[in-house]
Amino acid sequence: TPIRLRDYRPPAWSVEAIELEIDLGIDSTEVSSRLTLRNDPQQSTPLRLDGEGLELLAISLDGRKLEAHGYRYEQGVLEVHGAHDGSVLETRVRVRPAANTALEGLYLSGSREHGFLLTQCEAEGFRHISFFPDRPDVLARYTVTLRADRERFPVLLAGGNPAGSGDLPDGRHWARFIDPHPKPCYLFALVAGRLENIQRDYLTTDGRKVKLVIWSEANVIDCCHYALDALERSMRWDERSYGRSFDLDVFHVVATHDFNMGAMENKGLNIFNAKYLLADPDTSTDDEYRAVEAVVAHEYFHNWTGNRVTCRDWFQLSLKEGLTVFREQQFSADMNSASLKRIEDVALLRRTQFPEDAGPLAHPVRPAEYREINNFYTATVYEKGSELVRMVAGRLGQEGFRRGMDLYFERHDGQAATIEDFLSALGDANHIDLAAYLTWYSQAGTPRLHAKGEYDAARHEYTLSLSQQTRPTPGEPDKKPLPIPVKLSLFGRDGQLLPLHTDGEAQGDGAEKVIVLDRATQRFVFKQVASSPVPSLLRGFSAPVVLEYNYTPDELALLLTHDADGFNRWEAGQQLAMLAFDTLRDGDDSVACRAWCKALAALFEQDAMDNALLADLLTPPGEIEFADRQSEVDPARIHAQRETMQHRLAEQIGIDALLARYRALAADAGEPRLDAGSQARRRLKRCVLELLALIDAEQANTLAARQYSTASGMTDRLAALSVLVRRRAPQAASALAHFRERYADNPLALDKWFTVQAQVPDEPALAVVRKLESDPAFTLKNPNRARSLLGAFASTNPSGFHRADGAAYPYLAERLVQLDALNPQIAARLATAFNGWQRLEPLRRHAAQQALESLARHEGLSPNLSEIVGNVLKH
Ligand code: ARG
Ligand code: ZN
């Protein structure tokens, strides 16, 4: 049965303090715990603690060993009789790290000989380590003592401040950590093994000396410097932007190659998937450098949004995740280009979250129920959650938002809070009622914002009629209207911005205003408008909605050419590309497609164009975005038609111009530098090469092969390899062989080798993937490797995965069963590739349904995988 938000009850039993003594071993680790308990006098339920797969070795209550009738341990719950407020419960359990393939709780990363031990507790991993009320509203003080063989585990780490260490008999040693800040158990962490570190001192603005330490295995410690710099930048930024400083004497960050997610914000001991911590020019692309910076910041920012103020229950997950993604996005925008960052984030939202909202897995940012919480670490909770914070922040303005955040921290520091608490603090600090925004949190689906403009030439008035509609989602047939802030400007037909005059229903001044649609329909009148305008709506993507406005191709071309705001310029291009796509039929000439090609070709000629923005403008919406707009999806056709558009664009620009630009951009390759200008050149170069490949394959292949062999960094090397592989160039095989050999001992680089092949379009992909499975480096046991092949194929290669004969569906189903036996979280995540199957054209749809139904019938699926399969099938 599902867990429901409305059933929330405060804990009957909580824990004031926990003392853990852990004797570490790879096969067997013994965990002794001493809990000082608190009982809510209102609730007379017996003491119940969570515990999964724990081998109970000893148990005593208030110093007395418990007899068998004094407790019961079954089905993940330890029930203890005779406990009262202030009781002390002591347990000793054995866990088996090396046998833990789910990578939840305490597990081994790497080999038995050389690997290290670590933990992952969010969301409910702590119950795999010790008995505890495993819920985020139980905050306790932690004292942790680790003991292990000194030779095998020279480094012993846990969250909190160091509180002593020393030798023990028999070559063992110990180390103790005390965390002064009460925390929920999902933020507990330990790490033990042979690790190297780099470190630096940091002085907070409130005068605390903090030691920042990054740990990794010896062979990659040199790849941690970029992350250390990013950490320092993040810490400064949070002090400057939110007035929040770090609150322990030491901050540890550890990299592992075996991790289910991106990274984890454990108090004082962040643990990272190596993919988001290690960075060096030979292994990492420009995008990956930026991802490292963003994830380092994200985890660090959790120290206040997540740790100091945590979540009352897992329904409130977006309270910490949406808010922390928003803070991370603000930080990245400050460190890099704000409009490029916005483009990247909106593209991500459309590629990952919109399909979620449009399919059987749709759920609100604050879900009302779940079976397996790990299935709710979704694009909706994270990315849409961030958009909701952004809307509210926009409503309050920069200073008002800061006032609200200050009040939020003041009220809730040290507490487990709710989304209502968050909105109340933001609202109260500004004397504004934000309650209407709660509907955004409780209602699934992407609203459609319909806009229509009418110009009254006699009165010089422009009337904008807005209406909203959200389609039903599973379990939510009726939708309420939402407050939708629409930031807008009006353009004259000559491309000039027009001043705005309204009746006072809008915020803002000059030529840009925000109007808020908070009913089903509403009209807004603008006065003194000299001529019939072209509206630039939803600027900066001011609300996570789908805008429906009947633009003509010329109007979009005007905005694409003249809008001063980089984001909206890109957006006009995307809308024009959508129009082009919709009106393009095989062999047909489409007015919109011509307008799109012409406008972009003209921008291509402009010297003043920023290289990175130009690259983004030249990239049409992805196949997933096109599919999202169709009622009957044929992924092969979408792939082909999108390529037709790019082909026409390339023709419009012309071979000569493309070649000249490619040569100019390639000319100043040298040492790979990371500054924005160099990154932008590489990005545009890739784009130009891809366009060239569509109209002059031979020439493009030659250039790509040369770029591959002369590239000085991974961005250029991988771009070239990708062109060769995707175009099935004759040079592809030798480049692939070279890459395989060169990076044989570099797992992060080798992941890219699997991915680039798994993304080869159309029919050939499945055979390629099957063949790669027999590469000795392939394994389902490592999440990054499994994702690099199966995830890349099923989730990022629509024309390959959705092949016409449906053969990839039973193939994936079979792998999911194998993976599920090892790592249910990863299996469940990969299974979401089936999302959207109901809208496939009939042949594919039936094949997908069969594969899913037989998967659902499979005995012994994990709760994780069966929840996803059940939901995806059900609706
Ligand atoms: N809190 C982590 C982050 O977003 C993600 C951890 C998710 N873990 C999980 N098992 N679902 O930074
Ligand atoms: Zn997070």
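Colleague: What makes strand β5 (residues 55-61) and strand β9 (residues 88-95) a pair, and in which sense do they run?

Modeller: Two strands pair if DSSP finds at least two bridges between them. β5 and β9 share six bridges, in the antiparallel sense, so they pass that test. Ser 60, for instance, has Glu 90 in β9 as its bridge partner. Bear in mind that this is a predicted model, where local features need pLDDT of at least 70, side-chain atom pairs count only at pLDDT 80 or more, and totals for chains, interfaces and linings use all residues. Residues are numbered from 1 along each chain as its sequence is written, while chains are lettered from A and ligands numbered from 1 in the order in which they are written.

Colleague: And how do you know that β5 pairs with strand β6 (residues 64-65)?

Modeller: DSSP gives them two bridges, again antiparallel, and at least two is the requirement, so they pair. Leu 61 is bridged to Arg 64 in β6. The two strands form a hairpin with two residues between them, and Asp 62 in the turn has a positive phi of about 50 degrees. The strand names, by the way, come from DSSP runs numbered from the N terminus: helices are H or I, at least four residues, and strands are E, at least two.

Colleague: What makes helix α15 (residues 676-695) roughly parallel to helix α17 (residues 714-726)?

Modeller: Their axes cross at roughly 15 degrees and come within 10 Å. Angles under 35 degrees count as roughly parallel, over 145 as roughly antiparallel, 65 to 115 as roughly perpendicular and the rest as oblique. Therefore α15 is roughly parallel to α17. Axes here are lines fitted to C-alpha atoms, for helices over the stretch in contact, with angles from 0 to 180 degrees between N-to-C directions.

Colleague: Which residues are closest to ligand 1?

Modeller: Glu 122, Met 261, Met 264, Asn 374 and Tyr 377, among the 13 residues that surround ligand 1. A residue is near a molecule or strand if its C-beta atom, placed from the backbone, lies within 6 Å of it.
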